[in-house]
Each structure stands twice: as C-alpha cells, then as structure tokens.
Amino acid sequence: MTSPHDPYVRVRGAREHNLRNADVDIPRDTLTVFTGVSGSGKSSLAFGTIYAEAQRRYFESVAPYARRLIHQVGAPAVGEVTGLPPAVSLEQRRSAPGARSSVGTVTTLSNSLRMLFSRAGDYPEGAERLDSDAFSPNTAAGACPRCHGLGRVHRTSEELLVPDPELSIREGAIAAWPGAWQGKNLRDVLDALGYDVDRPWRELAPADREWILFTDEQPVVTVHPVREAGRIQRPYQGTYTSARRYVMHTFADSKSATLRAKAERFLASEPCPVCGGSRLRPEAMAVTFAGRTIAELAGLALTELAGVLAAAGGDGTARVLTADLLARIGTVTELGLGYLSLDRTAPTLSSGELQRLRLATQLRAGLFGVVYVLDEPSAGLHPADTEALLAVLGRLKEAGNTVFVVEHQMDVVRQADWLVDVGPLAGEHGGRVLHSGPPAGLAGVAESATRRFLFPEEPPPPREVRAPSGWLRLHGVERHNVRGVDAAFPLGVFTAVTGVSGSGKSTLVGQVLAGALADRSGAGPDSGEREEVAAGYARAEGLDAVDRLVQVDQRPIGRTPRSNLATYTGLFDVVRKLFAATPLARERGYRAGRFSFNVTGGRCETCQGEGFVSVELLFLPSTYAPCPDCHGARYNPETLDVTLRGLNIAQVLDLTVESAAGFFAETPAAERSLGTLLDVGLGYLRLGQPATELSGGEAQRIKLAAELQRTRRGHTLYLLDEPTTGLHPADVDVLTRQLHGLVDAGSTVVVVEHDMAVVAGADWVVDLGPGGGDRGGRIVAEGPPVEVARAPGSRTAGYLRAALGLA
C-alpha cells in the first residue's frame, strides 16, 4: 500500500507494445530522462503508459459522458500506476506548417499583439474601434481582399509559359501545359478550334498567342483524334483551358506537392499592389501603437519588438497587455530565438526553430505540480542551442513540476536527476527496464546500449579523409538570411553542413544547392556554368558532374493512416500477391486487390479499412478508437480466413520488419525491401505502421531504404537534412555506416547535421553562422573536421573538438 505522500510515480506490470511486464519507480519533482535504442520501449513507457494513464484518469473525472468513451479510447496495458499527478504531453508534431502559419501564430503572440492594437491602439479621428480579428490576415475581417491575406500575388507571362518560342505547340512550346494525355488533349482541342499547332510559336499572330495563353473562356469542341496504328480512337467532346488558367488552378487547388511545385515555376511572385505586402485591410493599417502599424511591429526581430513595447508606456490597459506580451516574448528569446520576427512564415523555419517555438508556448502556461512528458525536445538542435533548452527545463522543474523527457542527446542525459534506460535492443529484444536511478548508476549495467555513449572510454580514432573527385561551386548565394555567400561542395566524399539553428544550413543545402541540381536540365548548352539569380545564386560550376540528385527529407511519407511502411516501399504489393496465390484465395477467386484495405471487397466497411473510427468528445478534440467490428484488423472476416504460413494479412502487417525478414526469408522480392530497412536501423517498426505515427527521422530513413533498393547508375548526390534526428547513438552508427557505404560506392553525400559524432567522421565540414537569423548566413569555417574544430569564431568548433578528442 503506497502512502498518499509517496514521492514516487510507481508503475507496475507495464505491457504496452513491447514492454515486458515492466516495473519502475520514478521520483517526482525531478528531470527524468528515458533512454534506449529506437524501438526499445522507452516511448511506450513514458507516453504509452504514464501519459496515457494520466489522460485516462482525466477522461474519467470530467463527466459521465466521457466515461463511456474510455472503453473505446482504450486504457494502457498496465497493472497499476500510483503517485501520478496530472500530465501534459509535448509530443513532436509530424505535420508540416502551412503558408499562413508564422512565428506569431505558432506562439500565439500574434493574438496578444492584435488585442493590444484593438484595445490600446491609436485610431484615426472618428474611426470606429476594431475587433482584434480585424488585425489578422487570416480572417475575412482583416485580410486584404486583393491577395486574401497572403501579402503577395502571383502572375504569369508569355516568357514564363513559353520559354522557347522557336518550338511549335505540337513540339511542346507551351511548357506550362501538363504532360501525357492531358497535354495532348489541349493540343488537339486547339487544333479543332482552328489554331495552327505546327507553326513556330513566334510566327503565330499576337492576338492568337494572347488568347491561347490567357483566355478565361473554356470552349467545348468535338475532337477527332489522329488514328494511331492498332488503336481505334472515337471522337470526344474536349474542353479548352488556357495555360494561365491551368497553372493558377494547379497552384491554388492541387493536393499534389509535385504538381504545385511545377506550376510555381511558371509564376512570378510580387508584393500585393493593394496592401503593399502588409496582408491587411487599410482600416487596420491606419491604427498605430508606439507610432508603428501592426505590420511594422510584426516585422521587427523579437528582441527589437520587446524594446519598443518596453518603452511604449500608455494607460493601464496598454501596460497590462504589453507586460503580458513582454513575458511571452521573454520565454521565446530565452530559447535563443530573439532574432525571429512575428511575420516570419513557418515553412521558412528550421525544425529546431519550430520545436522550440512550440515548447516556449507550452512553458508559458505556468502550471504547477504537473508531469510534463516531452518527446526528444533536443531533436534538430545544435549543441549550443541544447544548453538554452536545458536551462528552460530546469526552470520548469524549479517551478514545482516533474519533467519526463524521452531523449537521445547524451548532453541532456548527463544533466538529468534520474535516468530510466529501456532495452537492451529494439522490438521483442527490448521492453525491459535495465536501470532506474541516477545517471551514474548506468555505468554498471553491462547490457545497456546507452552506457558506452554516456561514459565513453576514449574518442574513436580519426578516420582517414577521402580526397574529392571534383567540386560543385555556387557563387553569390542570396536566399533568406544567406547573403552573398560563395559555397563549395566536394564531390565523391561525405560533407557535413553545421551551424546553430537558423544559421542558414537548410536554406543553403535544401533549397539553393538542391534547386541548382534540380534545375540543371533546363540550363541550356552549358549546364555546368550559368547565370541563375531566381534560384538564389548568381553562378554555378560543376553541375554536370552529378548525374542524379536524391533529396531525402523528413516530410511524412503519407498524410493519412492509409499510407504505411509496406505501401511506401512497395513491399505490400509483394505481400498481396503472395496471399492471392494461396490455395484458399485461388479457390475463392480472390485477386491481389482483395487484400488491399484501400478498396471495397476485402476491407472492413465499418471503418473503410482504416482500423479506427472517430470518437467525438463534444467539448474536447475528437479522438480515434479501434473499429468495433474488425477491432483494428482493417479487413472483413472472409479476407482474414486466408492465411500464409499460418498468418492472415492483418497479422502479417502487424509483424515488425525484423520478424518479417525471417518470415519472408524465401521470398527474394520481399527480402530486398526488408534488408534495406534493417540496414538503416528500422527493424523495430511494424509493416502496417501508419505514416501518421512515424517521426520525421523515421520517415527520412524509410525514404533512404527505398532509395537503397534501386540500382544506382552514374554519379548520385544524396542530400539529407538531419538524418540522425530521433536516433539513439547506437542507431546513428548503423545509419552512418550506410551513408559512408554510398560514398565508397562512388556517390556524394551532403548532410545537414548537429550530431558531432557524425560531423567528426565526415571528410569535409561547412560551418555556417556564427548565430541564427540576421546574425548568421555566413560560412564561418570550412575544411576537414580537424581544421574546422580549431576555427576561431565558430560556435561548432568547441563541440567538434570534444568529439574528436582534441585538447
């Protein structure tokens, strides 16, 4: 029997996911870190058990209505949890922010600033006081009617739509048109309308060119297709759409990121002529505070904004509102983000910046006596930024809270009061609590995979640096905060790009370098050296040496639970064919489509193959519960009758990659997919694990595994943005071996990276900084790791010296 004043959270018999009847006692009012290799069960213990039990108790306390939903939402598989206060979860968000999302909306600072202008702003004489919504570009009351609150308008031109006027329409003069049948249809419709599709574009009458590209008319005509050998094509009614209309419609409405990106190439963006880029209506722009409009204040760096607000003065209302704003801004600047402005759009932020903005918002809540459960808060952070994070976590604890952190960063682990190490390995080879106590106690746990990284005996011997086979150079890079930079990337080696969050790493590599390589096919006769201001650089050299670009990012592999590991890698096609070839499936006439949960026939129609149904909680956000008919299996009973070596299709999807590798050992097509997933350290994932449950790092490694399956031809350049995010140091070793293997096979690898162990093992380092935002964007140092480690003025150098074991 535990005392009501027991200072421990005690967990008994935890069996969630791969946990094996785990018992653990964790003191409250501490910073406790949960460690273990990816898939070991640490998140199952921290989130799946402790936080889930706190959430269940909350549901139980709010109303009788909610109690009946607990059965549907599900309780964690645990014997007992005692001493558990209310809990707040700060899991990483997997979704990408939209164009309307900004620093102000992510932190909710925009709400406070709008309230300040509404209640305490200086209005023109005779003007009515505006509601706070009128100062938001994201509402109908505030958005500029011309640009709909985006601040920019898009237009196109004949030069953009028809880059080569020497071509005829049949030869593809209108580059903006879609490919395949849709483009052929538009050409045939034009032909039927009486336009000459075989004359060079420049020889067509100006009025005809104008109508073809820009008309808003959509005439319908009968098209008589040219008969092709062996094919009979009947006349059909075809509708014409102008090139501008097609591009605008695709850019605005297409759900395909690829199609939108293609359409954007034919558009020029410029500030809105009505609002001048402020995004707001004139009435809102007429209101000022401290002599500035809300758009002007939103454009200031947060440190400057704080100075303006502190000096503003004003009446009681203004003082109360500015004091609240200053306190909120203080939390953000404490995390090293004072260089950001409120109007900075979220898609231009690095993952490290976004993570800390969301954390700052939660920390301002000022709660006392709760358990904060955080999911890898240091993910995507430079070691220098991690120090600021630790200071804020310390403040949370000092305020009377308990902080539970799932973490792989050893610098965070060393600062913990208590350490829970789960393992020893992933999946069915993990799930045990190996250590629960002060971090120093882990030194005596021989089977812990974390021990050798927390207590390194000596740094690894320096690796011999490879010699470059050539160079790729970008001159005059101008994008975001990267200004006037000349960058050089060696070919045939492993390059790490480093720097604090916001220093310009992702801009230089993910946008400018990737853009240069992606655009080189349209460079003309000399694609190795050309002018390209629009892409963010003045001149590029060496592009011809790269035959293929592979950009492996952390965007989700799918946005719905229907997309999963098996579907993305193509493994599911193999599995469905194997099931269709079983005796019972052949006897019943089931084809491979029967075993897809995305189409009618074999799936459960109650949940339409999702395995879950939405549960409305009225006053709370809706949640998901297992389907009452298929209980999460996704298929109907008839489909589940069919088995392959004793397992039905749902059970196969529930296998981990490691288990599936044994199960499909005699199937070469499946073996290759599973082998590459094991090679990048994903053996613990389930084949049917929904894309929505995968971290950014896991999604990136799945993409890398899919790429590794392909036959490589020519010189390939691989770009990866923080590939070690969310990885235990033991898993980092596995991944870096694969990346170095790509270089040994003749490819080039460029990674944006914060893990100093990875940087120390690189052949070449490009360090950006020295700070973030306007204080960054310069190349501070470049060269082999040993040279960069000694570079003056680099915030990376000291941490790299430690990783290399240099004095």
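The model is predicted, and local features need pLDDT of at least 70, side-chain atom pairs count only at pLDDT 80 or more, while totals for chains, interfaces and linings use all residues. Residues are numbered from 1 along each chain as its sequence is written, and side-chain values use heavy atoms, with hydrogens and water left out.

**View 1. The largest cavity and the residues that line it.** A cavity is a set of points, on a 1 Å grid over the protein atoms alone, where a 1.4 Å probe fits but cannot get out, and the count comes to two cavities of 30 Å³ or more. The largest cavity has a volume of about 50 Å³, where volume is the space filled by probe spheres set on the grid points, which are joined across faces, edges and corners. Its lining, meaning residues that have an atom within 4 Å of a point, is made of A176, Y246, T250, L259, K262, A263 and F266. Two elements give two or more residues each to this lining, namely α8 (243-253) and α9 (257-264), helices being DSSP runs of H or I with at least four residues, numbered from the N terminus. The largest share, three residues, comes from α9. By class, the lining holds five nonpolar residues, one polar and one charged, where Ala, Val, Leu, Ile, Met, Phe, Trp, Tyr, Cys and Pro count as nonpolar, Asp, Glu, Lys and Arg as charged, and the others, Gly among them, as polar.

**View 2. The second largest cavity and its lining.** About 40 Å³ of space lies in this cavity, and the residues around it are T107, L109, R328, V332, L357, A360, T361 and R364. The elements that give two or more residues to the lining are α13 (316-334) and α14 (351-363), and α14 gives the most, with three residues. Four of the lining residues are nonpolar, two are polar and two are charged.

**View 3. The packing of helix α12 against α13.** The axes of α12 (residues 302-310) and α13 come within 10 Å and cross at roughly 155 degrees, each axis being a line fitted to C-alpha atoms over the stretch in contact, with angles that run from 0 to 180 degrees between N-to-C directions. That makes α12 roughly antiparallel to α13, a term that applies to angles over 145 degrees. The contact, meaning heavy atoms within 4.5 Å, is made by L302, T303, L305, A306, L309 and A310 of α12 and by T322, L325, L326, I329, V332 and T333 of α13. These residues divide into nine nonpolar, three polar and no charged.

Conventions:
On a 1 Å grid over the protein atoms alone, a cavity is a set of points where a 1.4 Å probe fits but cannot get out, and a pocket is an open set with protein on both sides within 12 Å along at least five of seven lines; lining residues have an atom within 4 Å of a point. Angles under 35 degrees count as roughly parallel, over 145 as roughly antiparallel, 65 to 115 as roughly perpendicular and the rest as oblique.
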